[in-house]
Amino acid sequence: MTGRRLKHWGWGYEDQAPSRAELEQAAAGIRERFGFGGDIEEAVPLSDVELRASRLKAPAELGDLFTDERYERVSHALGKAYRDVVRGFRGEFSNPPDLVAYPRGESEIEVVLSWCEAEGAAVVPFGGGTSVVGGVEPRLGDRPVVSLDLRRLDRVLEVDAESLAARIQAGATGPRLEEQLRERGLTLRHFPQSFEYSTLGGWIATRAGGHFATLYTHIDDLVESVRAITPRGTWESRRLPGSGAGPSPDRALIGSEGILGVIADAWVRVRPRPRFKVSCGVEFDDFLAAARAVREVSQSGLYPSNCRLLDALEAGTTGAGSGEKSLLVLGFESAHHPVDAPMELALAIAREHGGAPGEVSGGGQGSDAVGAWRSAFLLAPYLRDTFVACGVLSETFETAITWDRFEDFHAAAMEAARAKVAEVSGAPADGPGAPRVTCRFTHVYPDGPAPYYTVMAPAVRGGEVEQWDEIKAAASEAVIENGGTITHHHAVGRDHRPWYDRQRPAPFAAALRAAKAELDPAGILNPGVLIDP
């Protein structure tokens with residue numbers, strides 16, 4: 001791959017990295033706003049990274065299909081979780097792939113799988129590398145590894161305008177596929193926070209959550225059929241609007257995280273680009289009252305495109321509010337008809353629960369509060385690199401729970417996270433300089449919300465990974481013990497395995513192992529993710 005390069009350790013491109021002067025300015029602002037952090041450290045440059053020698057030699061007869069170039073191996077060694085960014089920042093790449101493969105089509109994917117099986121090497125499918133759960137990090141000990149980067153497969157291959165569907169290659173990033181769909185006046189309208197860099201294949205493999213806060217919340221809802229290359233043949237389902245013909249072959253691949261096959265392309269449901277949009281921010285004095293308003297909206301059949309609730313501290317941290325009131329961000333959109341009426345109905349529900357709506361704005365931009373939230377949402381992954389440099393721990397955990405259990409669940413999750421953060425951070429529990437644990441709803445359903453928790457604390461310099469691992473373990477225990485899912489839309493990977501193993505039914509795990517043994521008898525595809533071979 002040539003041209004503008006992504007950072008080898010953090011979020012975005014190399015030319016987007018802040019200068020020393022910009023870091024110093026940011027550090028001063030961080031200290032003033034949060035009461036902690038602000039001690040700047042410099043990232044280890046790529047030239048100083050100590051890299052294990054490759055244990056594989058690229059076959060010369062396959063031309064440029066494989067590379068062992070230093071940058072490529074380093075930039076494919078980690079995902080983008082906090083613990084990944086910290087290790088990359090410090091130049092710690094303990095598990096680099098031995099080779100990186102860049103196939104240009106299905107035949108070359110087949111070549112890579114065949115060659116790796118013969119060599120006894122593992123294959124880790126790689127899209128945008130935005131995994132935050134250890135999904136692309138090859139922690140495989142002495143086993144050699146090839147990272148299979150699919151970003152050369154980035155085209156919209158076909159568009160069925162009559163059925164409103166498109167066949168898109170798995171390596172297309174969000175901007176790349178939207179650019180091609182826009183030429184037809186269409187959109188997939190799936191915008192995860194990683195949209196700029198993540199790929200369609202990655203979204204499908206990890207059951208990614210997207211733009212819509214209600215109804216079409218996951219990529220699952222937008223998939224019509226999937227085509228994948230396995231070590232034992234091609235897996236392709238029939239294109240249908242729906243089917244009752246046995247267990248769904250598509251559902252087996254959606255969320256499979258690369259252990260059953262390499263997703264090559266998929267037919268996905270697209271739609272005309274929206275022409276009518278309205279947005280509004282609604283403030284609440286009480287977070288739980290706001291949650292009850294969200295529950296009623298989610299059960300009303302109005303299906304807002306945006307229905308995200310921020311607690312007061314989250315609203316204040318993002319600059320969307322003063323920090324004294326919770327904020328509900330509401331939005332409706334349509335390609336076919338005005339959406340002012342459903343907005344008014346949703347606002348009426350909010351008022352009944354004590355909500356105070358701001359100004360309703362057209363064009364989807366919303367009030368100042370809505371605009372501030374949107375900007376903070378898009379900038380968050382970039383800011384985390386700065387936080388790492390300035391000594392701030394900033395990371396998240398997310399889940400989903402039914403409405404009847406939400407209030408008790410939320411109290412338990414917050415208590416567990418706050419207690420562990422205070423214990424491992426050495427910071428005051430309250431007042432200036434205290435760590436922050438905040439909550440927002442990213443998606444809502446008639447039967448429950450998807451709470452998303454953010455932790456910000458002074459980092460333990462040199463021990464950031466261990467610090468976060470302790471917090472994550474305590475939070476994960478609270479999530480599982482109180483009936484939530486270990487992940488709503490971030491996948492399982494390697495980081496969530498201990499809790500996923502407890503969440504899933506044992507007979508299902510056995511069935512999944514049997515399916516993998518049939519499709520991948522040598523166990524080359526992403527070993528250690530979801531199940532052990």
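Helices here (H or I, at least four residues) and strands (E, at least two) are DSSP runs, numbered from the N terminus. Axes are lines fitted to C-alpha atoms, for helices over the stretch in contact, and angles run from 0 to 180 degrees between N-to-C directions. Keep in mind that this is a predicted model: local features need pLDDT of at least 70, side-chain atom pairs count only at pLDDT 80 or more, and totals for chains, interfaces and linings use all residues. Residues are numbered from 1 along each chain as its sequence is written, and side-chain values use heavy atoms, with hydrogens and water left out.

Let's start with helix packing. Two packed helices are described by the angle between their axes and the distance between the axes. Take α3 and α13: they pack at an angle of about 175°, with their axes 9 Å apart. That makes α3 roughly antiparallel to α13 (angles under 35 degrees count as roughly parallel, over 145 as roughly antiparallel, 65 to 115 as roughly perpendicular and the rest as oblique). On the α3 side, Tyr82, Arg83, Val86 and Arg87 are in contact (heavy atoms within 4.5 Å) with Glu464, Val465, Trp468 and Asp469 of α13. Sorted by class, this contact of α3 with α13 has four nonpolar, no polar and four charged residues; Ala, Val, Leu, Ile, Met, Phe, Trp, Tyr, Cys and Pro count as nonpolar, Asp, Glu, Lys and Arg as charged, and the others, Gly among them, as polar.

Two of those residues also pair up by charge. Asp469 forms a salt bridge (a side-chain nitrogen of Lys or Arg within 4 Å of a carboxyl oxygen of Asp or Glu) with Arg83, and the closest N and O atoms are 2.9 Å apart. Asp469 lies in helix α13 and Arg83 in helix α3 (residues 82-89), so the pair ties together parts that are 386 residues apart in sequence. Arg83 is buried, with a relative accessible area of 14%, while Asp469 is partly exposed at 29%. For those words, buried means under 20% relative accessible area, exposed over 50%, and partly exposed in between (1.4 Å probe, protein chains only).

Now follow α13 (residues 464-481) to another partner, helix α12 (residues 403-425): these two pack at an angle of about 160°, with their axes 9 Å apart. So α12 is roughly antiparallel to α13. Among the residues that meet here are Phe409, Ala412 and Ala416 in α12, and Ile471, Ala474 and Val479 in α13. The contact of α12 with α13 has 10 nonpolar, two polar and three charged residues.

Back to charges. Side chains of opposite charge can pair when their charged atoms come close. How many salt bridges does a search of the whole structure find? It finds 41. One of the pairs is Arg104 with Asp64, at 2.9 Å from N to O. Arg104 lies in the loop between β2 (99-101) and α4 (106-119) and Asp64 in the loop between α1 (20-34) and β1 (66-67), so the pair ties together parts that are 40 residues apart in sequence. Arg104 is partly exposed, with a relative accessible area of 42%, and Asp64 is partly exposed with 42%. Arg151 and Asp149 also meet in a salt bridge, at 2.6 Å from N to O. Here Arg151 is buried at 18%, and Asp149 is buried at 0%. Salt bridges that share partners also join Asp84, Arg87, Glu137, Arg139 and Asp495 into one network.
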